[in-house]
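Dear colleague,

Please find below the structure that I am handing over to you.

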Amino acid sequence: MQLSEQELRRRHEREELEKMGINPYPSELFEVTATAKEIKENFDKEQNNFQEVTLAGRLMSRRIMGKASFAELMDSSGRIQIYVSRDDIAPGDNKDLYNTVFKKMLDIGDFIGIKGYAFVTQVGEISVHVTELKLLTKSLKPLPVVKREIDENGNEIVHDGFTDPELRYRQRYVDLIVNPQVRETFRKRTQLVNTMRNFLNEQGYLEVETPILQPLYGGAAARPFKTHHNTLDMTLYLRIANELYLKRLIVGGFDGVFEFAKDFRNEGMSRFHNPEFTQVELYVAYKDYNWMMDLVEEMVEKVALALHGKTQVQVGENTIDFKRPWKRFTMFEAIEHFTKIDISEMEEPQLRATAEKLGIKVDPKLGKGKIIDEIFGETCEPYLIQPTFITDYPVEMSPLAKKHRSKPGLVERFEAICNGKEICNAFSELNDPIDQRARFEEQLELGKRGDTEAMVLDEDFLRALEYGMPPTAGLGIGIDRLSMIMTNSHSIQDVLFFPQMKPEKSEE
């Protein structure tokens, strides 16, 4: 590994600190009593509060002026200016802590701990006068140099920012240090999940955990990741969905269960797709898909209000309003609305011809349901910007959904589309074990035709259904996609701390 000049210098400083008896990585507790944000928001010169504070964070800038210096400390809440005087931090005859350590051996990015008191400088900036200073961690790599200045209109201008997407996603730890707005994105993501979790808890539903390693993959149309269990000498799959296990719990007697789950699909990657993703799945007994639509509207509206204080969310150039009620189309109505073609009575040959007429390439291996899905995806989905429910899907597209109570050939299913992408999928769940077996067998035939995403037949799940599952409504919401919308993020990689990436090229 070839080291830069700065890296070599920092390693030398580390050695020199050790020679001075200063541990660059001390292990004892450093008690923090305040944050930068708390002091800047609550310091009152008249009350003279924050007169004994302890802070810790990274050193982000220094202005050395002889016997005293100004510097900037950044903790998890933000930045604050600190004032360091030689005679305050080194009150005796030995001034090495200031003259040698602070001035010569500390670098931008080092973690320090300080004690002191808050005050206001002559130019009106709330700062901390340091009375004690301690090195907590010596950083051996320099941070990217990001220069910030305020223009005449009060806007911050950033120069030489850490903006390359590949570097940002690969070195998220650096991204979080130098681009504080990124931290806010992830705080909002956590707030989004907590809002949904609290909402579901308030309804009395039970949060559960189900297996990630499964002997059979099911609950969605997707290719799985495959692994091997050495002790059992058996093939296992990373789950593509947790649906079939959650339904088993409804069979077992729970009236409502949900899980925030990591799922894995061995598929393509894009700014909307990551092979590892998060979704919440919910199953409630004695309900149907109409009831579930109302719940989704209410829950997502609450999320918007929690994150933004209003139902309107700016996403790129679009203002999206999550206020209830949302627009509703059946799938065939949506296709006819956007293409002026009614495909509701078409069979597979006509659907193929229609797709070709619309300029949509369809794989010969795909069956009727997937062709309809391709037509919808190309002609409708990108144009659904405001939250919209698409309902009543063809039975071929939905092997786990209950047949429609009044529309032959359709199932009771809906998806919510927003900003041109699906954010949730829900059914009146199929609970007839005979019908479910027939649907699985149809999926097996599609698999024989070459459909790599066709479902497999799960005998244990069918056995569970034969014991009886009450009428049930089920829902899956993609947390990553919803987070993109709620944080105005362009790519799914922007709302994942560590998105999947190609292997990093090693240096010669």
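Does phenylalanine 498 count as buried or exposed? At a relative accessibility of 61%, phenylalanine 498 counts as exposed, because exposed stands for over 50% relative accessible area, buried for under 20% and partly exposed for what lies in between (1.4 Å probe, protein chains only).

Please note that this is a predicted model, in which local features need pLDDT of at least 70 and side-chain atom pairs count only at pLDDT 80 or more, while totals for chains, interfaces and linings use all residues. Residues are numbered from 1 along each chain as its sequence is written, and side-chain values use heavy atoms, without hydrogens and water.

Phenylalanine 498 lies in the segment after α15 (479-486); helices (H or I, at least four residues) and strands (E, at least two) are DSSP runs, numbered from the N terminus.

The UniProt record, in an unreviewed entry, places "domain: Aminoacyl-transfer RNA synthetases class-II family profile" at residues 186-503. The span 186-503 is 34% helix and 24% strand, and its end C-alpha atoms lie 24 Å apart.

Under "binding site" (unreviewed entry), UniProt lists Glu415 and Glu422; such annotations may be inferred rather than shown by experiment. Glutamate 415 is found in strand β18 and is buried, with a relative accessible area of 8%. Leaving aside neighbours within four places in sequence, glutamate 415 is in contact (heavy atoms within 4.5 Å) with Thr388, Phe389, Ile390, Tyr393, Glu422, Cys424 and Asn425. Glutamate 422 belongs to strand β19 (residues 421-428) and counts as partly exposed at 28% relative accessibility. With the neighbours within four places in sequence again set aside, the contacts of glutamate 422 are Glu381, Glu415, Ala416, Ile417 and Arg481.

In soluble globular proteins, nonpolar side chains tend to be buried together.

Methionine 331, leaving aside its neighbours within four places in sequence, is in contact with Ile372, Phe376, Ile390, Thr391, Asp392, Tyr393, Pro394 and Met397.

Yours sincerely
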